Amino acid sequence: CCAGLDLAITRDMSALALVFPYQEERFRVLIWFFMAEAGIRRLASRIPHIHDWARQGHIISTPGETTDYRFIKRMFAEKAQKFAISQLIFDAYCAEQLTQEISEETGVERLKMPQVASRYNEPTQNFERIVLERKFEHNGNPVLTWQAGHVTIRTDHNGNQMPMKPERDAEKKIDGIAAVLMAYAGARSADSEEAWFKRVGGLRDK
């Protein structure tokens, strides 16, 4: 699988997604959300069920005013022990140090994904297609479902498309969708596939 990481500090959620390709251009995803306790309290007046999501484990609440990245690093290390993660793809905002530490500790290659429409265009359009074709499976995380309803698409002057993040203080969030898209871009990439086979020492059937 490939991992996608979208980090936040205070007001947004951080999201870690693992996307698994398995057959006929079908994909499966596991996802975890993280948010500081103070951020959850601030959102609760506008999104009352956010406390339920935290109690149910759909959002991992970290103590204090800002997201504690140690929780994310610990989760990634646990999943790297369980799954063959070929790459960690990330938005560079706030993530340089954390992803470097994760890569050094787990041996997973990290890859920065520029937050520009030209880089997002192909995964954005293909992701929409596989969702409509019912080739994308997830584990029913209600936070991911909630965020999927907030996605709007921005198109640049060359026709390239990417999801547009809501305003910083808006109650609408798409952090999980951003993480999934980054992981999906890696999971369907030929380069990522070659890197995975090289890492595990396997040979593809011709």
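Where is T124 found? Select helix α5, residues 117–132, and T124 is in there; helices (H or I, at least four residues) and strands (E, at least two) are DSSP runs, numbered from the N terminus. Residues are numbered from 1 along each chain as its sequence is written. You're looking at a predicted model, where local features need pLDDT of at least 70, side-chain atom pairs count only at pLDDT 80 or more, and totals for chains, interfaces and linings use all residues.

Is T124 buried or exposed? T124 is buried, at 8% relative accessible area (buried is under 20%, exposed over 50%, partly exposed in between, with a 1.4 Å probe and protein chains only). Now show what T124 touches: leaving aside neighbours within four places in sequence, the contacts are I153, Q161, M162, P163 and L181 (contact is heavy atoms within 4.5 Å).

Next, the hairpin. Pick strand β8, residues 152–155, and β9: they run antiparallel, joined by four bridges (strands pair if DSSP finds at least two bridges between them). Here R154 stands opposite M162 in β9, one of the T124 contacts. Five residues sit between the strands, and G159 in this hairpin takes a positive phi near 85 degrees.

Which element gives the most to the lining of the largest pocket? Go back to α5, with six residues in that lining.

Conventions. Side-chain values use heavy atoms; hydrogens and water are left out.
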